[in-house]
Amino acid sequence: MTDKLLYEGLRILIIDDDREFSHSIEDFLQDRGFLHNYIDDGNLGIEKAVNNECDVVLLDLKMPKMSGIKVIREMKLKAPEIPIIIVSGTIDIKEAVTAVREGADEYILKPIYDMTELELCINRVWEKYLLKRQLEEYKQGLESLVFERTKQLQVKTEELTQSNELLKSEIVKRKHAEILLKKNTMNIIEAIEQERKRLSQELHDSVGQRLMFTKINLELLAKELKQENEKLNNAIEGVSLAGTEISSLIKSLYPVSIEKYSLLQNIKTLIESFEKISMINVEFGVEGNEPQIEKNVKLSIYRIFQEVLNNIAKHSDAQNVRIKMMFQNSELSAEISDDGIGVDFENEENLHSGTGLFSIQERIVQLNGNFNIRSKNGSGFTIEFKVVL
Ligand SMILES: Nc1ncnc2c1ncn2[C@@H]1O[C@H](COP(=O)(O)OP(=O)(O)OP(=O)(O)O)[C@@H](O)[C@H]1O
Ligand SMILES: [Mg+2]
């Protein structure tokens with residue numbers, strides 16, 4: 001026997017019609033520190049269990065008023081957690097199996113000769129009960145934790161859904177703003193082009209015509225004079241030069257040829273005049289066939305080439321320029337590179353010094369395209385872009 005009582009104060013309820021048996025164990029239970037109560041009626045026993053007046057039940061199977069199996073069944077319904085130890089005088093295997101099936105925890109044979117066995121049995125069922133309770137508490141703790149976490153998760157999900165909605169409406173707003181901006185830029189570009197066209201026509205009709213008539217009149221005068229006059233010849237040459245200059249200005253303001261000829265023809269003419277003016281050599285290559293291109297799109301692409309070549313003439317100090325154009329699937333890809341001094345774009349000032357590159361970018365955006373510029377100090381300048389035709 002153990003010296004120290006492990007479950008002192010445990011309330012044992014004996015439900016048995018055999019008072020002798022109860023007497024036989026009472027002293028032992030008392031000695032081991034258990035509290036005990038005796039009852040010979042199953043119904044009263046169930047009542048005590050339901051009222052929480054006991055911790056462990058010792059139950060006889062054969063009782064006249066109510067069978068032990070019935071008591072187990074009722075008790076498991078009304079106070080399911082209370083451990084039940086069957087104490088039976090007969091070895092009836094079938095009965096023992098039924099009792100365990102109904103929920104009995106242990107089975108001991110009467111009379112009990114070795115009380116240690118009874119003590120161990122009580123200890124076992126009580127330990128099992130405590131373990132079950134711990135497990136239950138743990139499960140409840142876990143469940144409330146899961147509940148708490150699920151609640152937190154729901155709150156977070158709701159927050160996320162809300163911010164997602166906010167983000168969505170923000171995206172829609174931005175898209176609207178972008179469309180508006182694109183429309184506005186398009187309007188500005190169109191207005192500029194119209195103004196250039198008007199200016200070019202005006203220059204052609206006024207200054208251009210006047211210069212032409214002055215030149216014709218001066219030439220007639222020279223013929224009438226019948227002898228060489230150096231001052232007159234210089235005047236004719238000056239007027240003629242002014243005529244050429246004004247006509248190239250008219251062309252650059254608005255190339256009328258854009259409406260009549262293909263993009264490639266216009267670009268070739270642009271390159272020829274660039275080579276003549278800048279004295280820079282251009283290597284030009286084309287892949288694919290140019291499709292039918294709408295006039296405004298043609299003009300926009302022409303303007304991009306015009307600005308890039310102007311920049312080369314103005315800033316590059318280059319000897320050679322390479323231009324590649326490729327028509328494919330209603331798209332134009334182009335690359336223009338020079339072998340000049342290049343520019344350091346790490347220095348923001350260089351990037352935003354003028355409006356040329358900005359207007360190139362705007363035109364490319366309008367044409368649903370994209371572009372890329374590569375340049376380093378001393379290693380040339382390359383711009384590549386792709387636009388939808
Ligand atoms: N081919 C090039 N080689 C070297 N630097 C270049 C070249 N093209 C552009 N740059 C640099 O990029 C800068 C920005 O070019 P951008 O066309 O925007 O302005 P800009 O030519 O100075 O002025 P604008 O075009 O308004 O008359 C230029 O000032 C120049 O420093
Ligand atoms: Mg420029």
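**View 1. Just past helix α2, N52 takes a positive phi of about 60°.** Everything shown here and below comes from a predicted model. At the other end, where α2 starts, a side-chain oxygen of D41 comes to within 3.0 Å of the backbone nitrogen of N43.

**View 2. Helix α2 (residues 42–50) has G42, G45, I46 and A49 buried.** Look down the axis of α2 and these buried residues fall within an arc of 100°, so they line one face of the helix. What sits over them includes β1 (11–15), β2 (35–39) and α3 (68–78).

**View 3. The largest nonpolar core holds 38 residues.** F305, I312, I323, M325 and I336 are the ones touching the most other members. Two or more residues each come from α8 (263–278), α9 (295–316), β7 (320–328), β8 (331–338), α11 (356–366) and β10 (381–388). Helix α9 is the top contributor, giving 9 residues. Another core, of 23 residues, lies apart from this one, and I12, I14, L118 and C121 are among its members.

View 4. Leaving out residues up to four places away in sequence, M325 touches L263, L264, I267, F284, G285, V286, E287, F305, L332, S333 and A334.

**View 5. E307 (OE) and N311 (OD1) coordinate the magnesium ion (ligand 2).** E307 and N311 are 4 residues apart in helix α9, so about one helical turn separates them. N311 counts as buried because its relative accessibility is 16%, with the cut-off for buried being under 20%.

Definitions and conventions: Residues numbered from 1 in each chain as written. Chains lettered and ligands numbered in written order. Predicted model: local features only at pLDDT ≥ 70, side-chain atom pairs only at ≥ 80, totals over all residues. Heavy atoms only, no water. Core = buried A, V, L, I, M, F, W, Y, C linked by side-chain atoms within 4.5 Å. Buried < 20%, exposed > 50% of the residue type's maximum accessible area, 1.4 Å probe, protein only. Contact = heavy atoms within 4.5 Å. Donors = N, O, S within 2.8 Å, 3.2 Å for Na, K, Ca; no water. Arc of directions from axis to C-beta. Polar contact = N/O pair within 3.5 Å; in protein donor to acceptor, adjacent residues only side chain to side chain.
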